[in-house]
Amino acid sequence: MCLRKRSGYRPPDLINAKIYTGPIPAERGVELAMGGGRSETSALSGAGEARGLTTTQNSQRPNACCFCWCCCCSCSWNEEERRKRRRRKRISQETKMEAKLETCPKPSMEEVQMWSQSFDKLMRNPAGRNVFREFLRTEYSEENMLFWLACEDLKQEINKSAIEEKARSIYEDYISILSPKEVSLDARVREVINRKMQDPTPHTFEDAQLQIYTLMHRDSYPRFLSSNIYKALVQGGSRTSSES
């Protein structure tokens, strides 16, 4: 018969045993304290060694980010330099264009009167374009004339690389929606230009040039004929004729 199966049975050693609840001896307290300190110190030391090992491994890895940064920085710098060169070239071309218009001789009375006969005669006359451009500047639409002149200049180009460069400059200056000198074109013409810009030719902007020409003819030209700028030229020419 097994005595342990009785209810309330406890082994003799547990019956006579007493649980000690008194103070811990000093030697044992120091030992426990030192043991605990060593455990914490070991844990911290292990963590530090692990971090050191990780740092060492990271320092031995090739710094791909540094290489990528240098590469991207170099590419960005080269692209920025190319943009600066294109900007300087465009400014130089516009300056030459402005100088060409400004050096036109003073128009005669016959020429001034001829401008009122048709818009085509005005645009074919260098002095007429110069005066008309001055009028467009007062209406904040000078970019229409600049775009038309740039297209005429592109048509005279025969060098392939120069054609591509000028076409890109015209697009950035007058076609791009980000340009402050963007001209007003409909969606169909813009789609044609975007398609032709894949392989630019001297006639890439032909449709757009015609649309801007028509806009100036129908919208700006009638106001030009009644403007003070044109009237002053007519009156000045009439006075000169009467005095002579």
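**Reading the helices of a predicted model**

Me: Which residues of helix H9 (residues 187-196) are buried?

Reply: Val-189, Arg-190, Val-192 and Ile-193 are the buried residues of H9. Buried means under 20% relative accessible area, exposed over 50%, and partly exposed in between, with a 1.4 Å probe and protein chains only. Helices (H or I, at least four residues) and strands (E, at least two) are DSSP runs, numbered from the N terminus.

Me: Where do the buried residues of H9 lie when seen down its axis?

Reply: They fall within an arc of 160 degrees, so they line one face of the helix. The arc is that of the directions from the helix axis to the C-beta atoms. On the other side of H9, the exposed residues are Ala-187, Arg-188 and Glu-191. The cover over the buried residues of H9 includes H8 and H10. At the start of this helix, a side-chain oxygen of Asp-186 comes to within 3.3 Å of the backbone nitrogen of Arg-188.

Me: What kind of model is this, and how are residues numbered?

Reply: This is a predicted model, in which local features need pLDDT of at least 70 and side-chain atom pairs count only at pLDDT 80 or more, while totals for chains, interfaces and linings use all residues. Residues are numbered from 1 along each chain as its sequence is written, and side-chain values use heavy atoms, with hydrogens and water left out.

Me: How many helices and strands does the protein chain have?

Reply: The protein chain has 11 helices and 0 strands. Read from the N terminus on, its elements run α-α-α-α-α-α-α-α-α-α-α. The chain has 244 residues, of which 28% count as buried. A contact means heavy atoms within 4.5 Å. Among the contacts with a separation of 6 or more, 60% come from residues 24 or more positions apart.

Me: How are two packed helices described?

Reply: Two packed helices are described by the angle between their axes and the distance between the axes. Axes are lines fitted to C-alpha atoms, for helices over the stretch in contact, and angles run from 0 to 180 degrees between N-to-C directions. Here, H7 and helix H10 (residues 206-225) pack at an angle of about 140 degrees, and their axes are 10 Å apart. The crossing of H7 past H10 is left-handed. A crossing is left-handed if the near helix is turned anticlockwise from the far one by less than a right angle, and right-handed if clockwise.

Me: Which residues make the contact of H7 with H10?

Reply: From H7 come Asn-144, Met-145, Phe-147, Trp-148, Cys-151, Glu-152 and Lys-155. From H10 come Ala-208, Gln-209, Ile-212, Tyr-213, Leu-215 and Met-216. The residues of this contact divide into 9 nonpolar, 2 polar and 2 charged. Ala, Val, Leu, Ile, Met, Phe, Trp, Tyr, Cys and Pro count as nonpolar, Asp, Glu, Lys and Arg as charged, and the others, Gly among them, as polar.

Me: What does Met-216 touch?

Reply: Met-216 lies in helix H10. Leaving aside neighbours within four places in sequence, Met-216 is in contact with Phe-119, Met-123, Phe-132, Leu-136, Asn-144, Met-145, Trp-148 and Tyr-221. Phe-119 is 97 residues from Met-216 in sequence and 8.9 Å from Met-216 in space, C-alpha to C-alpha. Met-216 counts as buried because its relative accessibility is 0%.

Me: Where is Gly-128, and why does Gly-128 count as buried?

Reply: Gly-128 is in helix H6 (residues 126-138). Gly-128 counts as buried because its relative accessibility is 0%. Beyond residues up to four places away in sequence, Gly-128 touches Trp-115 and Leu-122.

Me: Where is Tyr-140, and what is its phi?

Reply: Tyr-140 sits in the loop between H6 and H7. Its phi is near 60 degrees, a positive value in a residue other than glycine. Tyr-140 is exposed, with a relative accessible area of 73%.

Conventions
A polar contact is a pair of N or O atoms within 3.5 Å; within protein, one must be able to donate a hydrogen and the other to accept it, and residues adjacent in sequence count only if both atoms are side-chain atoms.
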